[in-house]
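Dear colleague,

Please find below the sequence and structure that I am handing over to you. My notes on what was found follow directly after.

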Amino acid sequence: MIYFANGTLFGTPNAGNLAPNPTPMKFGFLQDISVELSGDSKQLFGQYQYPVDTARGKTKITWKAKFAQINGKLFNDLFFAETMTTPMNLVAVDEAAAIPASPFTVTVANSAKFVEDKGVVDVSTGHQLVKVASAPATGQYSVSAGVYTFAAADTGKAVLINYTYNAATGVGMRIPITNHLMGFGPIFSMTLTNAYKGQNLSMTLNACRAEKLAFATKQDDYMIPEIDGSAFADASNNIGYLDLSE
């Protein structure tokens, strides 16, 4: 038998701390996955150079998967186990404005849903303006509820404003990242399947924990999230199974 390509991967939350409505899910646009079974080797020596026996000691199963499809519920059900809310927050990046004459204020486009200021840049110099509580001087600004106030001496300057705001009702989702006690987290089964030239292979691990969730961006490529974790015995002391075509 030979196999080609990366196959298909599923995660099914089934124990531990579970998110509401835990759901089996496929890892979309799977890039690659590796599963490694490794054990300690214990060697027995006598008076000779080579061991007279070896035995396997502690054994572990680790895995890592990379996939391109961003799925908030998959992240939550397999890693965070929180109660998601809606809407999401959005970030307005470099919203262009010109500082007007008196009253020297700019109301940003999403002021009605304004959440938090993320800074203002002077276009002509590239410098960050300094945020103050009130009565800004040259090179400074203040902000309240999405209304930015500038100094009279800066009238006419072009600026880029950055801020966060709430999306429209029902748009997107928010996953809270909470500082739980040690040990908190979901448990899930994981199934990898691969078919090639009429042959099939599948591996199921009954109980897994995700130990790392990584997001990496690149200047000229897609974001490829990665989840790493390990497997262990379930409540019946079973690890899983490996199915192979003959």
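In this predicted model, ring pairs join Phe114, Tyr141, Tyr148, Phe150, Tyr163 and Tyr165 into a cluster. The count of aromatic pairs comes to 11. One of them is formed by Phe79 and Phe80, whose rings are edge-to-face, with 5.0 Å centre to centre and 75° between the planes. Phe79 has a relative accessibility of 26% and is therefore partly exposed, whereas Phe80, at 17%, falls under the 20% limit and so counts as buried.

Phe80 also takes part in the lining of two pockets. The largest pocket holds about 250 Å³ of space, and its lining consists of Ile70, Gly72, Phe75, Phe80, Met173, Ile175, Ile177, Phe215 and Met223. By class, that lining has eight nonpolar residues, one polar residue and no charged ones. The second largest pocket has about 210 Å³ of space. Among the residues that line the second largest pocket are Phe79, Phe80, Glu82, Ile177, His180 and Phe184; its lining divides into six nonpolar, five polar and one charged.

The largest nonpolar core has 23 residues, of which Leu9, Phe27, Leu74, Leu205 and Ile227 touch the most other members. At least two residues of this core come from each of strand E3 (30–44), strand E4 (53–67), helix H1 (72–80), strand E12 (186–196), strand E13 (199–214) and strand E14 (226–232). E13 gives the largest share, five residues. Apart from this core lies another, of 15 residues, including Ala92, Ala97, Phe150 and Tyr165. As general background, nonpolar side chains in soluble globular proteins tend to be buried together. With neighbours within four places in sequence left aside, Leu9 is in contact with Met25, Lys26, Phe27, Leu30, Ile33, Ala65, Met190, Thr191 and Leu192.

Helix H1 deserves a separate remark. Seven of its nine residues are buried, so H1 is largely enclosed by the rest of the structure. The buried residues of H1 are Gly72, Leu74, Phe75, Asn76, Asp77, Leu78 and Phe80. Their cover includes strand E1 (8–16), strand E2 (25–26), E4, E12, E13 and E14.

Thr193 lies in strand E12 and is partly exposed, at 27% relative accessibility. Asn194 is also placed in strand E12, and its relative accessible area of 11% makes Asn194 buried. Ser202 lies in strand E13 and counts as buried at 15% relative accessibility. Leaving aside neighbours within four places in sequence, the contacts of each are as follows:

- Thr193 is in contact with Gly7, Thr8, Phe10, Leu201 and Ser202.
- Asn194 touches Tyr3, Phe4, Ala5, Asn6, Gly7, Gln199, Asn200 and Leu201.
- Ser202 is in contact with Leu192, Thr193, Tyr241, Leu242 and Asp243.

Two separations across the model may also be noted. For Asn194 and Pro100, 94 residues apart along the chain, the C-alpha separation is 63 Å.

Finally, some backbone features call for your attention. Most residues other than glycine have a negative phi, and most peptide bonds are trans. The peptide bond from Thr86 to Pro87 is cis, with omega near 5°; Pro87 is found in the loop between H1 and strand E5 (89–98). Another cis peptide bond joins Ser102 and Pro103, with omega about 15°, and Pro103 is found in the loop between E5 and strand E6 (105–107).

Which residues other than glycine have a positive phi? Lys197 has a phi of about 55°, and Asn237 has a phi near 65°. Lys197 is placed in the loop between E12 and E13, where its relative accessibility of 64% makes Lys197 exposed. Asn237 lies in the loop between E14 and strand E15 (240–244) and is likewise exposed, with a relative accessible area of 62%.

With kind regards

Terms used
Residues are numbered from 1 along each chain as its sequence is written. This is a predicted model: local features need pLDDT of at least 70, side-chain atom pairs count only at pLDDT 80 or more; totals for chains, interfaces and linings use all residues. Side-chain values use heavy atoms; hydrogens and water are left out. Rings of Phe, Tyr and Trp (its six-membered ring) pair if their centres lie within 6.5 Å; planes under 30 degrees apart count as stacked, over 60 as edge-to-face and the rest as tilted. Buried means under 20% relative accessible area, exposed over 50%, partly exposed in between (1.4 Å probe, protein chains only). On a 1 Å grid over the protein atoms alone, a cavity is a set of points where a 1.4 Å probe fits but cannot get out, and a pocket is an open set with protein on both sides within 12 Å along at least five of seven lines; lining residues have an atom within 4 Å of a point. Grid points are joined across faces, edges and corners, and a volume is the space filled by probe spheres set on the points. Ala, Val, Leu, Ile, Met, Phe, Trp, Tyr, Cys and Pro count as nonpolar, Asp, Glu, Lys and Arg as charged, and the others, Gly among them, as polar. A nonpolar core is a set of buried Ala, Val, Leu, Ile, Met, Phe, Trp, Tyr and Cys residues joined through side-chain atoms within 4.5 Å. Helices (H or I, at least four residues) and strands (E, at least two) are DSSP runs, numbered from the N terminus. Contact means heavy atoms within 4.5 Å.
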